[in-house]
Amino acid sequence: MKHWLTIIVASLLLITAVTIGVASFRSMTRKTIGNGTVVKTMEGEKIAGAASVYLAYGKNDYQRALDGDKIILLSFYADWCPFCRAEEPEIEVGFNNLASDKLVGFRVNYNDSETDADEKALADQYKITYQHTKVILKNGVEVFRTGDTWTKEDFASIVNPILAQ
């Protein structure tokens, strides 16, 4: 009897967790505008963040962010780069700690086994010459660029003043 009770409780917890996860993802990917119309926002693989999301780069999501009122952080990442691998968890913590919903971030694969043509074109557009470069755009205009490796403290000290402007 105890065994069945444990299985039932575990199943209910799993169903609840999945339901909450789907609801959270839907609220992130759909927005109701003034007239009650529901429009899609972001669809890509969410890496981190609640208020502001950090996504794997997708051309459609990037275009939606450009068309919207979001500040955009592009983080050019290579899976073979030790600096990128060390920095990635710090960027994720930075996004997880943000209370503002004004920022959307994209991890853009750069010169690695995962890089696609859209990511290559984006790197060319912003004249990226090496991985672990970060670019911040406001109203589609570049307002910040660095090749330095970030800690979560660096993330906060750079991103928060831009969000406050």
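The model is predicted. Its open sheet is built from six strands in the order E3-E4-E6-E5-E7-E8, with mixed pairing. Helix H3, at residues 82-97, has 16 residues. Eight aromatic pairs occur in the structure.

**The sheet as a whole**

- Strands of a sheet pair through backbone hydrogen bonds, and the pairing is either parallel or antiparallel.
- The six strands of the open sheet follow the order E3-E4-E6-E5-E7-E8 and pair in a mixed way.
- Strands E3 and E8 (141-146) are at the edges with a single partner strand each, so one side of each has no neighbour in the sheet.
- On average, neighbouring strands of this sheet are turned by 25° against each other, with direction ignored.

**Parallel pairs**

- Seven bridges join E5 and E6 in the parallel sense.
- Leucine 73 has glycine 105 of E6 opposite to it.
- Helix H4 (residues 117-125) packs on the sheet and touches E5 and E6. The direction of H4 makes about 110° with that of E6.
- E4 and E6 are also a parallel pair, with four bridges.
- Tyrosine 54 has glycine 105 in E6 as its bridge partner.

**Antiparallel pairs and their hairpins**

- E7 and E8 run antiparallel and are paired over five bridges.
- Leucine 137 is bridged to glutamate 142 in E8.
- The hairpin of E7 and E8 has two residues between the strands, and asparagine 139 takes a positive phi near 55° there.
- E3 and E4 are antiparallel and are joined by two bridges.
- Lysine 46 stands opposite leucine 55, a residue of E4.
- The hairpin of E3 and E4 has four residues between the strands, and glycine 49 takes a positive phi near 95° there.

**Helix H3**

- The 16 residues of H3 should span 22 Å at 1.5 Å a residue, and the end C-alpha atoms are 24 Å apart, which agrees.
- H3 has a kink of about 30° at glutamate 88, shortly before proline 89.
- Cys84, Glu87, Glu88, Ile91, Gly94 and Phe95 are the buried residues of H3.
- An α-helix has 3.6 residues a turn, so residues three or four places apart point the same way.
- The cover over the buried residues of H3 includes strands E3 (46-48), E4 (53-56), E5 (71-77), E6 (103-109) and E7 (134-138). Helix H5 (152-164) is also part of this cover.

**Aromatic residues**

- There are eight aromatic pairs in the structure.
- Tyrosine 57 and tyrosine 62 make a tilted pair, with 5.7 Å from centre to centre and 50° between the planes.
- Tyrosine 57 and tyrosine 62 are both buried.
- The ring centres of phenylalanine 144 and tryptophan 150 are 6.3 Å apart and the planes are at 45°, so this pair is tilted.
- Tryptophan 150 counts as buried because its relative accessibility is 2%, and the cut-off for buried is under 20%.
- Phenylalanine 144 has a relative accessible area of 23%, so it is partly exposed.
- One aromatic cluster is formed by Tyr54, Phe95, Phe144, Trp150 and Phe155. Phe95 is also one of the buried residues of H3.

Terms used. Residues are numbered from 1 along each chain as its sequence is written. This is a predicted model: local features need pLDDT of at least 70, side-chain atom pairs count only at pLDDT 80 or more; totals for chains, interfaces and linings use all residues. Side-chain values use heavy atoms; hydrogens and water are left out. The expected span of a helix is 1.5 Å times one less than its number of residues. The bend at a residue is the angle between axes fitted to the seven residues ending there and the seven starting there. Buried means under 20% relative accessible area, exposed over 50%, partly exposed in between (1.4 Å probe, protein chains only). Contact means heavy atoms within 4.5 Å. Two strands pair if DSSP finds at least two bridges between them. Axes are lines fitted to C-alpha atoms, for helices over the stretch in contact, and angles run from 0 to 180 degrees between N-to-C directions. Rings of Phe, Tyr and Trp (its six-membered ring) pair if their centres lie within 6.5 Å; planes under 30 degrees apart count as stacked, over 60 as edge-to-face and the rest as tilted.
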